[in-house]
Amino acid sequence: MTTLLLRAWSRYLRLTTHWPSIGTIVPFIPLIVAWWLVTELQVFPRVFLPGPAEVVRSFGALVYTGVLPEYLQDSIVRLAVGSFWGIVLGIPLGILVGLSQRAHKALWPVLLFFQAIGDIAWLPILVIWFGYGLTTMTVVIVYTVIFPVVLNTVLGVRSIPITMHRAALSLGASRTRMLWEVVLPGALPNVMTGLRNGLGYGWRALIATEIIVGTSGIGFLMFDARRAGSVVEILLGMIILGTLWYIVDSWILAPIERATGQRWGLVTK
Amino acid sequence: MQARRFLQAEEAVMRHWLSSALWFCAPFAVLLVLWAVLIPYFEVNPRLFPHLESVVQAGLDGIKDGTLVRHIGASLMRVTVGTVLALVFAIPLGIAMGVSPAVSSFLTPPFRFFSVLAGIAWIPVASLWFGYGFGAITFVIFNAVFFIVTYNTLLGVSTIPLQVRNAAASLGAGRWAMLTEVLLPGALPNIVTGIRTGLGFAWRGLIAAEMIATNVGLGYMLFVARDFYKTEVIVLGMIVIGVLWLLLDRLLLAPIERATSERWGLVQRA
């Protein structure tokens with residue numbers, strides 16, 4: 001019996017080294033089976049905890065009516081637009097604060113404080129200023145994305161050894177070349193970390209915003225379902241959120257972060 | 001002689017600390033002055049942005065009639081209860097799972113999945129399961145902290161070099177000594193980082209949850225003020241939220257994180 005189990009386990013390990021994606025999917029199978037068992041045995045009332053089959057069925061229904069693809073698209077577009085502006089504004093600001101001692105003294109405490117206020121606390125006053133709509137959401141996401149990007153860019157720029165600056169300067173590097181060939185590559189690993197954190201926070205902020213002021217999107221789908229008391233759609237929303245972010249984070253952002261870290265950072269292969 | 005030199009050094013440290021504290025506060029003084037001057041000068045509608053005096057007045061009123069204190073107390077209470085509960089479960093579970101490399105590599109993806117969902121995404125279902133109020137919000141905070149701390153503990157234990165564990169075992173360390181002298185200290189820097197990140201998400205989740213699912217707390221205070229266009233209360237609430245988190249993060253979490261990673265982590269004190 002034990003040899004059989006061991007042999008199966010070693011087969012599984014060999015499989016996951018060949019195809020790492022299997023290793024990320026298989027662990028969810030026992031989880032789903034446990035969920036199914038709990039709902040079949042009616043440990044909790046069905047209304048409170050529907051089973052996997054019902055969630056899949058509601059997924060099918062929502063895709064068929066076109067609600068889900070539309071909401072998903074809305075959420076992703078909002079996140080993309082917000083992140084774009086967050087990055088475009090955040091990286092230059094971070095480089096400025098990182099390079100100039102004066103800007104650092106004047107802006108760093110303010111940055112820390114405004115980061116501490118947090119995106120969601122801005123919602124009420126933003127609603128007063130811009131009303132319910134795309135502007136409010138975009139501002140919240142830009143606000144969320146920008147701080148991790150700025151703070152990490154500053155850290156990255158300031159962690160470049162001063163000898164590097166001096167070496168480049170004494171070799172006659174101009175200001176633009178300093179920026180392109182010393183400061184930016186030196187700060188890139190940190191910028192990427194900031195970007196990954198920022199997008200993570202932005203994703204959560206988007207959900208909160210859609211729940212509180214939304215008229216469409218995955219967060220709105222969940223909140224609408226909550227109003228109707230339908231746990232199935234809430235669970236579906238959570239699963240979609242988790243899966244989507246998991247894919248984006250572990251298949252796109254983490255490899256980029258690792259790659260820049262290996263290329264320009266302190267980690268050596 | 002020695003004592004005097006020590007005192008001088010002490011004094012220099014104090015002076016350095018004082019001047020950096022002053023420099024930290026200076027930009028805020030500038031902002032406050034700008035606020036006090038510019039808003040009345042351009043005659044901004046107080047429904048869009050409040051005057052400095054009215055925010056100070058709102059703060060004083062809130063302290064005098066106790067509402068502000070009650071909201072802050074409720075929010076901090078929820079964070080504390082949720083976090084302590086989460087830590088009590090997360091750290092033992094994380095260590096238990098991290099001890100075996102096979103188990104930890106198998107369980108990493110589900111835990112990553114759930115730490116992605118941390119916090120805000122749980123609000124709708126939490127409010128259905130527990131009803132509006134203390135239970136739902138504590139559950140949201142518990143979730144935000146629990147999965148991230150468990151994941152980080154698991155990661156921390158599994159990154160302890162195997163030689164260290166083997167060395168301890170071959171020197172005759174029992175299970176208890178192994179736990180308290182190898183596994184816990186080795187994982188501690190990761191655990192503390194996890195707590196800091198988790199609390200960051202929990203704090204945001206708390207504000208969002210209080211806007212939706214309760215009738216007391218800072219988030220609720222903000223959201224109700226919006227209904228009456230009381231911008232001075234909104235801005236006051238935002239400042240309180242920012243100051244509280246800054247104090248919590250900079251004076252409590254960041255020093256602990258730095259201390260643990262200096263003591264047990266890879267960073268060496270220069």
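This is a predicted model: local features need pLDDT of at least 70, side-chain atom pairs count only at pLDDT 80 or more; totals for chains, interfaces and linings use all residues.
1. Basis. Residues are numbered from 1 along each chain as its sequence is written, and chains are lettered from A, with ligands numbered from 1, in the order in which they are written. Local features need pLDDT of at least 70 and side-chain atom pairs count only at pLDDT 80 or more, while totals for chains, interfaces and linings use all residues.

2. Secondary structure. Chain A has 12 helices and zero strands, and chain B has 10 helices and zero strands. Helices (H or I, at least four residues) and strands (E, at least two) are DSSP runs, numbered from the N terminus.

3. Overall dimensions of chain A. With a radius of gyration of 23 Å, well over the 18 Å that the globule rule gives for 269 residues, chain A is more spread out than a compact globule. The radius is taken over C-alpha atoms, and the rule is 2.2 Å times the number of residues to the power 0.38. Along the principal axes, the C-alpha atoms of chain A fill a box of roughly 75 × 60 × 30 Å.

4. Overall dimensions of chain B. The radius of gyration of chain B is 23 Å, well over the 18 Å from the globule rule for 270 residues, so chain B too is more spread out than a compact globule. Its C-alpha box, taken along the principal axes, is roughly 75 × 70 × 30 Å.

5. Of the 269 residues of chain A, 38% count as buried; for the 270 residues of chain B the figure is 40%. A residue is buried if 20 or more other C-beta atoms lie within 10 Å of its own, exposed if 12 or fewer, and partly exposed in between, with C-beta atoms placed from the backbone. Two residues are in contact if their C-beta atoms, placed from the backbone, lie within 7 Å. Among contacts in chain A between residues at least 6 apart in sequence, 72% join residues at least 24 apart.

6. Core. The largest nonpolar core has 125 residues, and B:I123, B:V140, B:V145, B:V149 and B:A208 touch the most other members. Helix 8 of chain B gives the most to this core, with 17 residues. Such a core is a set of buried Ala, Val, Leu, Ile, Met, Phe, Trp, Tyr and Cys residues joined through C-beta atoms within 7 Å. Beyond its neighbours within four places in sequence, B:V140 is in contact with residues including B:W122, B:I123 and B:A209.

7. Interface. In all, 44 residues of chain B are in contact with 41 residues of chain A. Helix 10 of chain B supplies the largest share of the chain B side, nine residues.

8. A backbone point. B:Y229 has a positive phi of about 55 degrees although it is not a glycine. B:Y229 is found in the loop between helix 9 and helix 10 of chain B, and is partly exposed, with 13 other C-beta atoms within 10 Å.
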